[in-house]
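Reader: Hi! Could you walk me through this structure in plain words?

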Amino acid sequence: MIDWAIVREMLPAFWHGLQMTLLLLVTSAVAGLVLSVPLSVARSARSPWARWPVFGFTFVIRGTPLLVQLFILYYGLPQFGVIRNSALWPLLRDPWFCAWAAFTLNTTAYTTEIFAGAIRTTPAGEIEAARAMGLTRAQVFRDVFWPGAWRRALPQYGNEIIQLMHATALASTVTIVEILRVGRDVYTNYLKIPESFGMAAVFYLALTLVLAGLFRLLERHFLRHLDPRASATPMPEPVKASAHA
Amino acid sequence: MFHGYLPMILDGLRVTLSVAVVSLAVACVFGLMGASAKLSHSPVLRGLAGLYTTVIRALPDLLLMLIVFYGGQILLNRVATAQGWGYMDVNAFAAGTITLGFVFGAYLTETFRGAILAIPRGQIEAGHAMGLSRGQVMRDIVIPQMIRHAIPGFTNNWLVMLKATALVSIIGLDDMVHRASLASAATREPFTFYALIGAIYLAVTTVSILLLGALNRRMSRGIRSEVRA
């Protein structure tokens, strides 16, 4: 039933599509991660001047469809002569840049809220203890506050990255040839679903499994202390450790 | 400001909201079936439900929508040819709502499953011990509490699905996004119209959050500390 000749012929195209999907995913995920660390701290700050603008940003981004955001950036902005004559025009004219910008804004908003949630659940005693031990504010942030928040956020952050990977499929609507676009093109040429959308599904499924596995490894590394088996195993040579003290 | 296109866009909002509400109903049906299958004693049902939630959540919504839309078209025409009905078109509204419902049913499966599991087993046993029938236990003990536990997840899924309706414009449904692109092409003012529908989506989201928040507070009255958290 599946025409393997088409599959073989189109495999290189899917391979290129995969690279484009990965490129979009990695660049927007990295930019989003870098932006959402300071934004999440501001989002959970005591000052309303820090808190409300960030909330406004995440609320608007999370409350509107990504497709509409992408269309505003790619089709909408050129409406203004100021933008067409600005130095940014070569960038904003580029569908790749617009897609990257839309995905980055999106993942930044969601990740900021995830991190802010993790920050809010920081036990007050941890910070007080660190301060009482004489750690500076910077040390508290780097060594106590952030590692804890990151660990609490990790499972949700993993989901967000998988969602972001799925969201990159929308880039196909602004002429970018990623996995889904290749699938649609193959469908248009051959009108066969398994060889076109089916292949795309296989690629997305594989990507999802790889990402989920990757985050499972990260969780195993960062959340070791929560694994009942790992914490049940006796500490190696506890006597020596106490003798040392 | 909108060159007279505002009524057309607002009519598109009606389409968007119909798609969202019908998809939600379909998703609730799939979600309840999925949750009962996941909690059943039959390993076959559990396996099928597991496959459903895993595969759906591993694929982009847009891809699933295209598969259902084009796949449905091919299937329908195969049946139609066999029956001698001639060529048939897949209705974009039906394709869109069935796909969205099927996709979000997988997410609601997890929401409903968690909501049922959150009810202490002892309450159901106590109900049976007091002589209530299975139907009474379901109606008076399980469902009222299940609704309360499901509201936060349900709210979340509704908001995500509302935004996902924008994708039905890609398979040719005449929703708000499609109307905005028509108006943009006619007026050469794409920013105006895409920003307008962005604002409308935001308004619907905000109203949904307020309403479902009020519902959550109402369902949780008499429950300590849950609403404040």
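**Chat about the two chains**

Author: In H8(B), the buried residues are Pro190(B), Phe193(B), Tyr194(B), Leu196(B), Ile197(B), Gly198(B), Tyr201(B), Val204(B) and Thr205(B). Buried means that 20 or more other C-beta atoms lie within 10 Å of the residue's own, exposed means 12 or fewer, and partly exposed is in between, with C-beta atoms placed from the backbone. Helices (H or I, at least four residues) and strands (E, at least two) are DSSP runs, numbered from the N terminus.

Reader: Before I go on, what kind of model is this, and how are things numbered?
Author: This is a predicted model, in which local features need pLDDT of at least 70 and side-chain atom pairs count only at pLDDT 80 or more, while totals for chains, interfaces and linings use all residues. Residues are numbered from 1 along each chain as its sequence is written, and chains are lettered from A and ligands numbered from 1 in the order in which they are written.

Reader: Thanks! What do the buried residues of H8(B) pack against?
Author: They pack against helix H3 (66-76) of chain A, and also against helix H1 (6-38), helix H6 (134-164) and H7 of chain B. Two residues are in contact if their C-beta atoms, placed from the backbone, lie within 7 Å.

Reader: Why does the span of H8(B) agree with what it should be?
Author: H8(B) has 30 residues, so at 1.5 Å a residue it should span 44 Å, and its end C-alpha atoms are 43 Å apart. The expected span is 1.5 Å times one less than the number of residues.

Reader: And how many helices and strands are there in chain B?
Author: Chain B has 8 helices and 0 strands, and along the sequence its pattern reads α-α-α-α-α-α-α-α. Its C-alpha trace spans about 70 × 50 × 30 Å along its principal axes. Of its 229 residues, 38% count as buried. Among contacts in chain B between residues at least 6 apart in sequence, 75% join residues at least 24 apart.

Reader: Which residues have the most contacts inside the largest nonpolar core?
Author: Those are Leu70(A), Ala200(A) and Leu63(B), in a core of 106 residues. A nonpolar core is a set of buried Ala, Val, Leu, Ile, Met, Phe, Trp, Tyr and Cys residues joined through C-beta atoms within 7 Å. Helix H6 (residues 95-120) of chain A supplies the largest share of this core, 13 residues. Leaving aside neighbours within four places in sequence, Ala200(A) is in contact with Ile179(A), Leu180(A), Val182(A), Gly183(A) and Leu63(B).

Reader: New topic: which residues of H1(A) and H2(A) meet?
Author: Leu39(A), Ala42(A) and Arg43(A) from H1(A) meet Ala50(A), Arg51(A), Val54(A) and Phe55(A) from H2(A). That contact has 5 nonpolar, no polar and 2 charged residues.

Reader: Is Arg188(B) buried or exposed?
Author: Arg188(B) counts as exposed, because it has 9 C-beta neighbours inside 10 Å.

Methods. Ala, Val, Leu, Ile, Met, Phe, Trp, Tyr, Cys and Pro count as nonpolar, Asp, Glu, Lys and Arg as charged, and the others, Gly among them, as polar.
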